[in-house]
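Here is a quick tour of one model, with the cut-offs given along the way. Have the viewer open as you read.

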Amino acid sequence: MEEIKSFLSFLKLNAGLIYSIMFCVQYSGLLNKEKRKMISSITDERTNRRRDERRRIQSRRIYARRKQRVRRQMMLLGAIALLVVLSIGSCTRNFLLKRSAQETSAVKNGQKAEGVKAAKEEKGTGTSEGGSDAKEASEELLARVKKEAKEAGYPKEIIGLLSKNPETVDFVADYSAKKDITPADTVGSIKKGEIPHLLQWDERWGYSTYGTSTIAVSGCGPTCMSMVISGLTGDNSVTPAKVAEYSMENEYVDSSNDTVWLFMQEASQHWGITGYEITAEESDVEEQLLAGHPVICSVGPGDFTKNGHFLVLAGYEDGKVRINDPFSKKNSEKLWEYKKIKKQIRAIWAYSN
């Protein structure tokens with residue numbers, strides 16, 4: 001009991017000290033709390049500052065990427081614009097060059113036409129005594145046309161027509177001016193039952209394509225078939241150009257631009273004409289021709305060709321045959337002894353409707 005009283009007395013005597021100690025302890029707790037708050041605030045501020053800095057860095061990176069993307073797009077647009085300008089410039093230049101070339105070609109063609117005309121006039125001044133002046137003028141005309149054709153860059157096969165047949169001089173001279181014309185729709189006026197003489201180098205269709213060549217150079221086969229069909233049917237719309245087109249569409253022309261023999265037997269059926277192979281015996285040919293059945297024959301080297309050629313036998317008179325040579329007027333203006341032709345024949349067909 002005494003101990004309790006002593007303790008209470010101690011507390012009463014030291015109450016102020018105890019209170020001071022408690023106050024200090026409490027105050028110390030408050031200080032620690034404030035300190036913790038301050039530290040937390042500083043930490044949060046640093047965190048926010050770092051976060052803001054990261055955002056600024058990210059924003060600058062995004063801006064830099066966008067700026068770089070825009071720069072690339074501008075460079076691409078610039079390149080495209082440059083290409084467009086260069087293309088337009090190139091097209092304009094090509095157009096001007098082409099136009100200049102056309103004008104130059106027109107001038108050359110005009111000069112060529114004047115030269116041909118002059119040569120023709122010179123040809124007309126020849127005398128009738130022996131025809132020497134006319135022959136010289138004709139040779140001069142051929143030489144002049146051949147020279148001008150070479151200078152103008154005509155295809156070799158077109159120029160080669162002059163060597164094969166001087167009759168083609170006008171066709172060759174007119175090549176530049178007429179090579180792109182639309183072929184005629186008809187062969188002209190004809191009479192049914194009479195076989196017309198058509199020329200493969202006729203300017204009405206001779207410039208048209210046949211295989212990789214032209215009808216004038218390689219189209220003797222279609223021209224012969226045109227003569228036979230139009231003569232037997234009276235249909236003047238069956239032109240060499242139309243027959244040549246049919247031949248190409250049905251692959252009757254080979255890689256060398258030669259018409260295959262099968263064409264001679266089959267093609268006429270498209271126009272209602274029967275074609276059939278016959279013998280080359282004169283009696284057989286005579287029988288067909290006297291019956292009004294024209295004959296087409298394929299001939300080898302000889303009087304008509306150096307390689308191969310097709311002819312139409314259109315009539316039989318006094319033991320001789322009348323020939324429609326699609327490449328020559330001269331050969332078609334006289335009658336031929338059949339035995340002379342027979343040895344040159346490689347295949348022969350007759351036609352009837």
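Where is the place of leucine 76? It sits in helix α2 (residues 15-123); helices here are DSSP runs of H or I with at least four residues, strands are runs of E with at least two, and both are numbered from the N terminus.

## Ground rules

This is a predicted model, so local features need pLDDT of at least 70 and side-chain atom pairs pLDDT 80 or more, while totals for chains, interfaces and linings use all residues. Residues are numbered from 1 along each chain as its sequence is written, and side-chain values use heavy atoms, leaving out hydrogens and water.

## Leucine 76

Leucine 76 has a relative accessible area of 53%, so it counts as exposed (over 50%; buried is under 20%, partly exposed in between; 1.4 Å probe, protein chains only).

## Helix α9

Helix α9 covers residues 240-249, and its buried residues are Pro240, Ala241, Val243, Ala244, Tyr246 and Ser247. They pack against β1 (209-210), α7 (215-218), α8 (220-233) and α10 (261-266), with contact meaning heavy atoms within 4.5 Å.

## Aromatic rings

The whole structure holds 8 aromatic pairs (Phe, Tyr and Trp rings, the last by its six-membered ring, with centres within 6.5 Å; planes under 30 degrees apart are stacked, over 60 edge-to-face, the rest tilted). One of them is edge-to-face: tyrosine 252 with phenylalanine 263, 5.5 Å centre to centre and 65 degrees between the planes. Tyrosine 252 lies in the loop between α9 and α10, and phenylalanine 263, 11 residues apart, in helix α10. Tyrosine 252 is buried at 10%, as is phenylalanine 263 at 0%.
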